[in-house]
Amino acid sequence: MHTTVGIIGGGPAGLLLARLLHLAGIDSVVLESRDRAYVEHRQRAGILEQGAVDVLRECGAGERMDREGLVHDGIELRFDRRSHRIDFPSLTGGRRVMVYAQTEVVKDLISLQLRQGGGPLLFEAYVRAVTGIDTDRPAVHFTHEGREQTLTCDYVVGCDGSHGVARTAIPDLTIYERSYPYSWLGIMADVPPSCDELIYAHSDRGFALHSMRSTTVSRIYLQVPNGTDLAEWPDERIWDELDARFAVEGDWKLERGPITAKSVLPMRSLVAEPMRHGRIFLAGDAAHIVPPTGAKGLNLAFSDVVVLARAFAHLNATGSAELLDAYSATCLRRVWRAEHFSYFMTTTMHVDPAQSPFDTRLQLSQLDRIATGTAAATELAENYTGLPVG
Ligand code: FAD
Ligand code: DHB
């Protein structure tokens, strides 16, 4: 088997890349280790920046998103039992975000790929190794339907997430990373959201985030210690803790409902540089990880593949590899901006178990600056709604 671009991983990055290449008339094959149902139901991101929304519309995957997604004009910050709204359009010249779950984006991209004659998308195709990345005929070795197979390619793109194989194929990467002394406990609950917009809450008991999946399903996260065992968190304890963390002056009530899913997620920042070696490129979580507080991971994955698809289209049309050669440097500027914003949101909103009362006063002062000053609010709104993609 041979293709122009071999794509490892059928998450959001790999699926969008395959779609954009197809629209540019470039062949690709996507190899995804999991089955379709698993990939379509893996609970993750919920917020799409304006640029991600635009790309999905342009590539024909925006129809259901525009019908079912919820457009949000702002977020609420809570701290010191007070509530402050950050209004995106007025601070950013009209930008907004869309609440539309990653699970739904993935379903839309898969069905488009399978219906509209994109290149092959193989599920349960586990990539074991990539060889020949310094030659003009790299090869991807994978297991599918019990057989060991090889896909030769002109180029390979690793879209295989934070635990993938592509990163390990590159010999000269520099890895920059940071871990955090807390995790998130995430729940899905069959109860209408208790808010119209997302609430990011700082409290001395730890961070909490109220998000949503629809007008009838709430998605809520709370900070917990690393290594937390879900058995220690029966439903009542979760709701009681959320009540305490979201508490605010005035009459606001957190509605409770049946919890349908619970999980614990550790937090990490990581950047692998450069994002290209010879004929292999890294995109999305394969190249960088952000802690989820800034809602940046999925959006960064999309902006990488937009840059990459444009570079392949340029090569195809002109024979020039200049955009491919610039890929890593082009992406890394945005990546580091998003890394900084995600780090800032995380360390400003969470309680580090080792932090002193002095550190807490600094966090509250920073939050007060955002709540009361236009410059800091504008910076937050611009970073949250994102740069134009590409
Ligand atoms: P992935 O989604 O990880 O996809 C990689 C794919 O590669 C997977 O399907 C995997 O099965 C496959 N794969 C791995 N190894 C192999 C192999 N050897 N062979 C073949 N296939 C392989 N981001 C946001 O922008 N906004 C948010 O609001 C947000 N919230 C989040 C909340 C949570 C709880 C979490 C965990 C993440 C959140 N993120 C958010 C981050 C976002 O989900 C990720 O950044 C995004 O999934 C990255 O997409 P990707 O395609 O690069 O990687
Ligand atoms: C969601 C996740 C995030 O990390 C975030 O910052 C906002 C929303 C979500 O899953 O809805």
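**Helix packing and cores**

Guide: Leu300, Ser303, Asp304, Val307, Leu308, Arg310, Ala311, Phe312, His314 and Leu315 in H8 meet Glu322, Leu323, Leu324, Tyr327, Thr330, Cys331, Arg334, Val335 and Ala338 in H9, where contact means heavy atoms within 4.5 Å. This is a predicted model, in which local features need pLDDT of at least 70 and side-chain atom pairs count only at pLDDT 80 or more, while totals for chains, interfaces and linings use all residues. Residues are numbered from 1 along each chain as its sequence is written, chains are lettered from A and ligands numbered from 1 in the order in which they are written, and side-chain values use heavy atoms, with hydrogens and water left out.

Visitor: Which classes do the residues of the contact of H8 with H9 divide into?

Guide: Ala, Val, Leu, Ile, Met, Phe, Trp, Tyr, Cys and Pro count as nonpolar, Asp, Glu, Lys and Arg as charged, and the others, Gly among them, as polar. On that scheme the contact of H8 with H9 divides into twelve nonpolar, three polar and four charged residues.

Visitor: At what angle do the axes of H8 and H9 cross?

Guide: Helices (H or I, at least four residues) and strands (E, at least two) are DSSP runs numbered from the N terminus; axes are lines fitted to C-alpha atoms, for helices over the stretch in contact, and angles run from 0 to 180 degrees between N-to-C directions. Angles under 35 degrees count as roughly parallel, over 145 as roughly antiparallel, 65 to 115 as roughly perpendicular and the rest as oblique. Here the axes of H8 and H9 come within 9 Å and cross at roughly 165°, so the two helices are roughly antiparallel to each other.

Visitor: How do H9 and H11 cross, left-handed or right-handed?

Guide: A crossing is left-handed if the near helix is turned anticlockwise from the far one by less than a right angle, and right-handed if clockwise. The axes of H9 (residues 322-349) and H11 (residues 374-385) come within 11 Å and cross at roughly 120°, which makes H9 oblique to H11. Their crossing is left-handed, whereas H8 passes H9 in a right-handed crossing. Arg337, Phe341 and Met345 of H9 make the contact with Leu380, Asn383 and Tyr384 of H11.

Visitor: And what is the angle between H10 and H11?

Guide: Helix H10 (residues 357-372) packs against H11 at about 90°, their axes 5 Å apart, and that makes H10 roughly perpendicular to H11. Arg369, Ile370 and Thr372 in H10 meet Thr374, Ala376, Ala377 and Leu380 in H11.

Visitor: Which residues have the most contacts inside the largest nonpolar core?

Guide: In soluble globular proteins, nonpolar side chains tend to be buried together. A nonpolar core is a set of buried Ala, Val, Leu, Ile, Met, Phe, Trp, Tyr and Cys residues joined through side-chain atoms within 4.5 Å; buried means under 20% relative accessible area, exposed over 50%, and partly exposed in between (1.4 Å probe, protein chains only). The largest such core has 76 residues, and those with the most contacts inside it are Leu48 and Phe312. Helix H8 (residues 297-318) gives the most to this core, with eleven residues. A second, separate core of 49 residues includes Phe79, Ile187, Tyr200 and Phe341.

Visitor: Is threonine 346 buried or exposed?

Guide: Threonine 346, found in helix H9, has 0% relative accessibility and therefore counts as buried. Leaving aside neighbours within four places in sequence, threonine 346 is in contact with Tyr180, Tyr182, Met267, Pro291 and Thr293. Proline 234, by contrast, is partly exposed, with a relative accessible area of 45%, and lies in the loop between strand E15 (218-224) and helix H7 (235-246).
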